[in-house]
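Reader: Before I set up any calculation on this structure, I would like to go through its charged pairs and its helix packing with you. Could we take the questions one at a time?

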Amino acid sequence: MGTVETPSVSHVSEGDRQRADVILETAGRLFLAPAFTRVSMDDLARELGMSKKTIYRHFPDKRSLLAAVLDRRFAAVERTLAAAAEDAEGQPFDVRVRRFLIAAGSELGRIGAARLAAGRGDARLRQYVEQRVDAAVYRRLDELFREGHRRGVLSAPPELLGEITRGALERLLTSQLPHGLDCAAADLLRATVDTVLYGAIRPAHPGIGDEQLRTVIPTARDDKQGVVP
């Protein structure tokens with residue numbers, strides 16, 4: 001199934017553009033609220049203090065409106081992640097991964113992306129959210145892990161780390177664990193990132209070295225050279 005197309009607002013006055021921006025901002029606040037309840041176009045019209053006819057002048061239906069809201073939100077996510085990557089440029093590899101994942105988790109949590117992909121809205125919009133999250137976050141993260149493996153910083157297969165990280169991040173974003181532990185979601189996110197990067201088990205002997213770790217963590221194979229160090 002193809003992506004959701006967002007109709008553009010063209011040949012309109014500056015006042016109409018500003019009105020479209022107000023509609024998008026209010027729709028995003030209502031449709032993507034953390035305590036999600038079904039929000040109708042009637043609800044949106046009442047909140048805006050305008051008729052549904054006025055809303056439909058800019059967006060022909062609820063799906064196109066929500067797609068436009070998501071476009072705006074994901075554009076902001078991508079800008080934040082690009083800035084985080086740029087700020088971490090030249091830092092040690094683990095610092096770069098940590099900063100990227102914390103920024104990604106914070107942004108995806110802010111827009112409720114995991115809940116959207118898991119069940120909000122119709123199937124086409126869910127697929128659209130999954131595609132945007134994959135492009136904005138996971139493809140960049142996979143490339144970062146591949147880079148770490150090429151440089152010899154990571155001994156585990158980058159594909160494995162990508163799957164583990166994806167599952168942990170998405171589960172944490174929909175979990176009630178922060179409430180259960182009376183802990184901020186951002187703090188748990190940092191702990192999750194550290195666990196993925198460094199592991200959760202402290203070595204029994206202080207002198208444990210990298211060679212011992214390599215016997216436990218499988219390395220990716222290269223068809224020409226066998227096991228990549």
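Reader: Which residues are linked with Asp16 in a network of salt bridges?

Author: This is a predicted model, and the contacts discussed here are computed from its atoms. Asp16 belongs to a network of salt bridges, and the residues linked with Asp16 in that network are Arg19 and Arg57.

Reader: How many salt bridges does a search of the whole structure find?

Author: Side chains of opposite charge can pair when their charged atoms come close. The cut-off applied to such a pair is a side-chain nitrogen of Lys or Arg within 4 Å of a carboxyl oxygen of Asp or Glu. With a search of the whole structure, the number of salt bridges found is 16.

Reader: How are the axes of helix H4 and helix H7 oriented, roughly parallel or roughly antiparallel?

Author: Two packed helices are described by the angle between their axes and the distance between the axes. For H4 (residues 62-88) and H7 (residues 123-150), the axes come within 11 Å and cross at roughly 10°. Because angles under 35 degrees count as roughly parallel, the orientation of H4 to H7 is roughly parallel.

Reader: What N to O distance is found where the side chains of Asp71 and Arg132 meet?

Author: Asp71 lies in helix H4 and Arg132 in helix H7, so this pair ties together parts that are 61 residues apart in sequence. Asp71 is partly exposed, with a relative accessible area of 22%, whereas Arg132 is buried at 18%. Their side chains meet in a salt bridge, with an N to O distance of 2.9 Å.

Reader: Which helix holds Arg96, the residue paired with Glu147?

Author: Glu147 forms a salt bridge with Arg96, the closest N and O atoms being 2.8 Å apart, and both residues are buried. Glu147 also forms a salt bridge with Arg151, at 3.2 Å. Glu147 lies in helix H7, and its pairing with Arg96 ties together parts that are 51 residues apart in sequence, since Arg96 lies in helix H5.

Reader: How far apart are the end C-alpha atoms of helix H5?

Author: H5 comprises 19 residues, 93-111, and at 1.5 Å a residue the helix should therefore span 27 Å. The model agrees with this expectation, as the end C-alpha atoms of H5 are apart by 27 Å.

Methods:
Residues are numbered from 1 along each chain as its sequence is written. This is a predicted model: local features need pLDDT of at least 70, side-chain atom pairs count only at pLDDT 80 or more; totals for chains, interfaces and linings use all residues. Side-chain values use heavy atoms; hydrogens and water are left out. Helices (H or I, at least four residues) and strands (E, at least two) are DSSP runs, numbered from the N terminus. The expected span of a helix is 1.5 Å times one less than its number of residues. Axes are lines fitted to C-alpha atoms, for helices over the stretch in contact, and angles run from 0 to 180 degrees between N-to-C directions. Angles under 35 degrees count as roughly parallel, over 145 as roughly antiparallel, 65 to 115 as roughly perpendicular and the rest as oblique. Buried means under 20% relative accessible area, exposed over 50%, partly exposed in between (1.4 Å probe, protein chains only).
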